[in-house]
Amino acid sequence: MDPHIQSYKKLGGVLGVLLVLTAITVGVSRLDLGSLSLWVAMVIAGMKSALVLLFFMHLKYESWLIRGSFLMTIGVLALFIGFMFWDVAFR
Amino acid sequence: MTSFYHTPFPARFRGVWAWLLTLDHKRIALLYLGAVMFWFIIAIVLGFLVRMELMTPGRTIMGAETYNAAFTLHGVIMIFLFVIPAMPAIFGNFLLPIQIGTDDVFFPKLNLLSWYLYMLGGVLAIVSLFADGPPDTGWTFYVPFSVSTQTNVGLTVTAAFTLGLSSMLTGLNFITTVHRMRVPGMGWLQIPLFTWSLYATAWVQLLATPVLSITLLLVVFERVFGTGLFDPARGGDPVLYQHLFWMYSHPAVYIMILPGMGVISEIIPVFSRKSIFGYKAIVGSSLGIATAGSLVWAHHMFTSGMSDVAVFVFSFLTFIVAIPSAIKVFSWVSTMYKGSILMTPPLFFALCFIYLFSVGGLTGLVLGSAGTNIQVHDTHFVVAHFHFVMFGGTGFSFFAALHFWWPKIFGRMYDFKRAYLSALLIVTGFMLHYVPMFILGLQGMPRRYHDYLEQFAPGNLFAGLGALIMVPGLFLMVINLMMSLKQPVDAPADPWGGTTLEWSVPSPPPLHNFIERPSPGEYPYDFSRVGTP
């Protein structure tokens, strides 16, 4: 199996982007964006998660089976959370 | 042929270490069997005491606080330490690798770790009994009570968290094993139905259990740090807890029942001497139940203050789950139609299962319908319903599995007369125990109450009498099976005339299950290949 070792340069770059995104999260939290606050925070958190998964957890280099399994768990989670809105959105 | 009992794996360990450090899936299954039966008996005794307390109005044998602790522990132990792990951990571990023609699960060390986590969870549950007072929340740990009560809820939810981790790892192991270790030549539609049911269950274990784990962790956070997630005064939402709890705990019902359905799908064709009716439909319905059953959790919350839209959606989805469940029942009954039926204790238990599960399922529709649900919510009707499903379903399929695979696991046959007698006592006591609860519920008797009005006395008396018949039957069943262990190992490889691969290996099986690579047939239930037992 391909060990897909990544260079320190690339990993350091990803770490840098994660730190920048963290700073943006903190900065955005101080702005009053109204109902958009949640969405902005979630998008940034999603980007950070994606970077960790793709590079630190090597998902970028895995087979379709592993990627598919992971995407399925995300899909299930989205479904679970989405179905809660049948309640929350209509109270 | 030397059985696995005489060939430790790894070979360097002897005596008790050969069991405690074993990597053999069959030994691990037996470790689970011992532990699960221990907890089962404890939970039975607790349930029996609860019912004795309710036999007459007022205090009968215990006070209200002890009663609260007793029903909480009965529920926690039964659910997390018996019903959820019993079938996958015992029979799944023992039989899944054999049914797919391989020598072990994909991750043997992870399998042993699962057992240790299970034991740790059990120890934590015991410790919670004696430290700061046993929990009194019921097995659902609903907020805000679970956050405010001074009893030892933190330790009990930690126990449930640990048991959930064990369950997840078992699920992960089974999924990987089914994907990667099937004997060459065994396609997906040649897999026996018990293994199929374990596979469907494993996905639910893997995907739903983390939700409960996180939720229980949040309860600990609430208690320790006061985060306010479920506190309306601080912007939290107590109904959110119920969503998160049932997001796992309703799929958990299918973790409990699906393997039981797999067992029945194995037993019915063997004793009908006839190929299973609707193999593909049963496979599809297992996956259908696993999928649809994961999306109906909020039918537990119709009176919680949830939106009407959610009530409508979840009620509708609940009715959809009835379809794959009915497909299974129809297929089992159709298998028996014009079959050459041979009555044995496993078949007797399986037939009881079909009847009791059907009653449990149909009364589930009463609860799934929002209008009637509101009338009987949190009454004894609910208690009767889920005991018909969990005990009449999972419990009876567990007993059926014990009697079906006992000769395979231990190489010994048990006494049939005592087995029938115990089954009769259990099923008679069961009916007398739970049917009055349906009536009590319709009359409006709430669940989890220590005392009740005089008008509920006759129903509670009958239910108590049912327990007095059922519990001796349960002990007789266990004693009968244990007594068989005194006999010499003499069970044949295939005492029932089964067709799946576990019946092609000696009883008990050798260490690596197969002496040579097995050849799966075109179809796992081809009875033209075997003779009459």
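A residue counts as buried here if 20 or more other C-beta atoms lie within 10 Å of its own, as exposed if 12 or fewer do, and as partly exposed in between, with the C-beta atoms placed from the backbone. Keep that in mind as you click around. This is a predicted model, in which local features need pLDDT of at least 70, side-chain atom pairs count only at pLDDT 80 or more, and totals for chains, interfaces and linings use all residues. Residues are numbered from 1 along each chain as its sequence is written, and chains are lettered from A in the order in which they are written.

**Stop 1: chain A**

Select chain A and colour by burial: of its 91 residues, 3% count as buried. Switch to cartoon and you'll find three helices and zero strands (DSSP runs, H or I of at least four residues for helices and E of at least two for strands, numbered from the N terminus). Its C-alpha trace spans about 50 × 35 × 10 Å along the principal axes. The radius of gyration, taken over C-alpha atoms, is 17 Å, while a compact globule of 91 residues would have one near 12 Å (the globule rule is 2.2 Å times the number of residues to the power 0.38).

Now colour by pLDDT, the predictor's confidence in each residue from 0 to 100. Chain A averages 90, and 97% of the residues score at least 70.

**Stop 2: where the chains touch**

Show both chains. Nine residues from chain A and eleven from chain B make the contact, where two residues are in contact if their C-beta atoms, placed from the backbone, lie within 7 Å. On the chain B side, α7 (193-225), α8 (238-272) and α10 (308-336) each supply at least two residues. The largest share, three residues, comes from α10(B).

**Stop 3: inside chain B**

Select B:I77, B:F82, B:I264, B:I267, B:A350, B:F353 and B:A400, the residues with the most contacts inside the largest nonpolar core, which has 171 residues. Such a core is a set of buried Ala, Val, Leu, Ile, Met, Phe, Trp, Tyr and Cys residues joined through C-beta atoms within 7 Å. Helix α3 (residues 64-99) of chain B gives the largest share, 23 residues. Zoom in on B:F82: leaving aside neighbours within four places in sequence, B:F82 is in contact with B:V36, B:W39, B:F40, B:A43 and B:I77.

Then go to B:N111, in helix α4 (residues 108-130) of chain B. Is B:N111 buried or exposed? Buried, because 25 other C-beta atoms lie within 10 Å.

**Stop 4**

Most residues other than glycine have a negative phi, and most peptide bonds are trans. Select B:F9 and B:P10, joined by a cis peptide bond with omega about 0 degrees. Another cis bond runs from B:V143 to B:P144, with omega near 5 degrees.

For positive phi, pick B:D378, near 60 degrees, in the loop between α12 (370-376) and α13 (380-410) of chain B. Finish at B:R448, with phi near 65 degrees; B:R448 is partly exposed, with 15 other C-beta atoms within 10 Å.
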